[in-house]
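Here is a friendly briefing to read alongside the model. Have a look at the structure, then carry on below.

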There are 4 protein chains.
Amino acid sequence: MTGYDDGKDAYLARLKRVEGQVRGLHRMVESDAYCIDVLTQVSAVTKALQAVALGLLTDHLGHCVVQAAGQGGDAADAKVREAADAVARLVRS
Amino acid sequence: MTGYDDGKDAYLARLKRVEGQVRGLHRMVESDAYCIDVLTQVSAVTKALQAVALGLLTDHLGHCVVQAAGQGGDAADAKVREAADAVARLVRS
Amino acid sequence: MTGYDDGKDAYLARLKRVEGQVRGLHRMVESDAYCIDVLTQVSAVTKALQAVALGLLTDHLGHCVVQAAGQGGDAADAKVREAADAVARLVRS
Amino acid sequence: MTGYDDGKDAYLARLKRVEGQVRGLHRMVESDAYCIDVLTQVSAVTKALQAVALGLLTDHLGHCVVQAAGQGGDAADAKVREAADAVARLVRS
């Protein structure tokens, strides 16, 4: 079982929208849209992706990490380390 | 004429790849992939989008801003302000 | 008791270094250093601060969140929500 | 002559404030402040530094890059490339 089971449909819908936004970016470049307008739209897509990532991370902390913490010991340490590494990648991306 | 005319095909190809990556994210969530693996992939897509944005911005500075600077005065000021605002949105997204 | 007790001295030393870096920025601007060199140094300070934040967050997840998870229920939920909000602020800053 | 001559005092004042904020972080850790409160304050300092960086970059584009653009040719290209690299470092930091 995964941590995002409950809201899976919502995540799928959000990713569909992001896919549509990226297709929109493609159309903008294809039709020679003004650079700054393309950049504004890229920022919007990046924000949408980050919101998905933050949602997934919250679910993950609330499910997998809390569950592992209940077992304690090495399993908990490994899950915390893994989640912290994922946060570091998000902060740097 | 837009600033990214030369490399337009390259940008279109990169955006097609990003679109494919987002579809890949959708498939991962659909098939209950492990949260952390989805997050790693979201970071990769965000990085790819930022690289496109930085490329567009460099082209824009080299074409539109430099051209406006040649004309000087208010036109140059307006282009610089617009580019700086785009950078601010990128840094904050 | 706080979560960063073990490595407290290391965090204090890192923050002292960051303070010195910010003073260095002040000196650079005071002595009319080249803008781009100042910007490069600002990026270095921002990275150093983010590294401190990621360290603190990892410690926090490993101590406070894991401990709250052991108690379960609302306490765990509240800690997870709080940590997730802190991650969101880091990602957006 | 540098590009931030006009607003130099304002930049110096802002950097003094950031230095004070970092000293505040040090005090927080020293007195065992709650991790999440320290993280919130780190985000505030990072935002303040980024605002300084965006200000410097805007000034730089408006002065050095516009001036180089007036001269055209390799000088303009070199300045644009340099500014774009600085933006890339900011976006990634």
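**Cavity, core and interface**

Lining the largest cavity are A:Gln50, A:Val91, A:Ser93, B:Gln50, B:Val91, B:Ser93, C:Val91, C:Ser93, D:Gln50, D:Val91 and D:Ser93; lining residues have an atom within 4 Å of a cavity point, on a 1 Å grid where a 1.4 Å probe fits but cannot get out. This is a predicted model, in which local features need pLDDT of at least 70, side-chain atom pairs count only at pLDDT 80 or more, and totals for chains, interfaces and linings use all residues. Residues are numbered from 1 along each chain, and chains are lettered from A in the order written.

**Cavity**
- The lining of the largest cavity has four nonpolar, seven polar and no charged residues.
- The volume of the largest cavity is about 70 Å³.

**Core**
- In the largest nonpolar core, of 120 residues, A:Leu39, B:Leu39, C:Leu39 and D:Leu39 touch the most other members; core residues are buried (under 20% relative accessible area, 1.4 Å probe) and joined through side-chain atoms within 4.5 Å.
- Beyond neighbours within four places in sequence, D:Leu39 is in contact (heavy atoms within 4.5 Å) with C:Ala53, C:Leu56, C:Leu57, C:Ala86 and C:Leu90.

**Chains B and A**
- Four salt bridges (Lys or Arg side-chain nitrogen within 4 Å of an Asp or Glu carboxyl oxygen) cross this interface.
- One salt bridge joins B:Asp32 and A:Lys8 at 2.9 Å, N to O.

Definitions and conventions
Heavy atoms only, no water. 1 Å grid on protein atoms, 1.4 Å probe; cavity = no way out; pocket = protein on both sides within 12 Å on 5 of 7 lines; lining within 4 Å. Points joined across faces, edges and corners; volume = space filled by probe spheres on them. Nonpolar A, V, L, I, M, F, W, Y, C, P; charged D, E, K, R; others polar. Buried < 20%, exposed > 50% of the residue type's maximum accessible area, 1.4 Å probe, protein only.
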